Amino acid sequence: MIGKTMNKFILSMSVLLSAGCVATSVVSRPVLHSEEVQGALGPYVERGEIAGVISVLSDRDYNETWDLFGFADVEAGRHMAPDTMFAIFSMSKTFLGAAMMCAIDDGVISLDDRVSKFLPEYADIRFADGRRPKRELTVRDITCHVDGLRKEKASLMNNTLTLREAARRYAEQSLEAEPGETFKYG
């Protein structure tokens, strides 16, 4: 059990560090090697327990140590690279939450804003029978998983769509519950 937990932790940390590096555009920095990181994480890659690792460490003086080893795509034989992108699924909530709090602090967005303020197509979301909801969706509804949308379209899990197009397709779904009334993770 500890081994599986450690694998998930190592993979999660590697993915988070990679996403953070891509998000902060520091991928052009040189890759340096750390024997300690290679020794600690390398065996997991060698045993095939995880495909690959990108590790970025920084000391108090912002001296970075990068380690990249293993594969970004095992089947294609593509090795990890500083700009390797990862599908981080629910871990994106950490980044979204931090970005939203900054935008809220700056007065750019409010949790009580209607989603249609930013994405006009959300003003016309309806139930499958054509009824309109009692009120429009808010940012709070979306972030708290109480938007009432069906969340059935697997096609939204498509990395060829732009974020804007994925949002538009999401708005094409019909409601199954009133906004703000029913929790459904998605």
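Tyr122 counts as buried because its relative accessibility is 6%, where buried means under 20% relative accessible area, exposed over 50% and partly exposed in between (1.4 Å probe, protein chains only). The model is predicted, so local features need pLDDT of at least 70 and side-chain atom pairs count only at pLDDT 80 or more, while totals for chains, interfaces and linings use all residues. Residues are numbered from 1 along each chain as its sequence is written, and side-chain values use heavy atoms, leaving out hydrogens and water.

Let's see what surrounds this tyrosine. Tyr122 is one of 11 residues in the largest nonpolar core, together with Val115, Leu137 and Tyr170, among others. Such a core is a set of buried Ala, Val, Leu, Ile, Met, Phe, Trp, Tyr and Cys residues joined through side-chain atoms within 4.5 Å. Not counting residues up to four places away in sequence, Tyr122 touches partners including Ser116, Leu149, Ala167 and Ala171; contact means heavy atoms within 4.5 Å. Glu136 is 14 residues from Tyr122 in sequence, and their C-alpha atoms are 7.9 Å apart.

| Charged residue | Ring | Distance to ring centre |
|---|---|---|
| Arg47 | Tyr44 | 5.0 Å |
| Arg131 | Phe127 | 4.1 Å |

Technical notes
A charge sits over a ring if NZ of Lys or CZ of Arg is within 6 Å of the ring centre and within 35 degrees of the ring normal.
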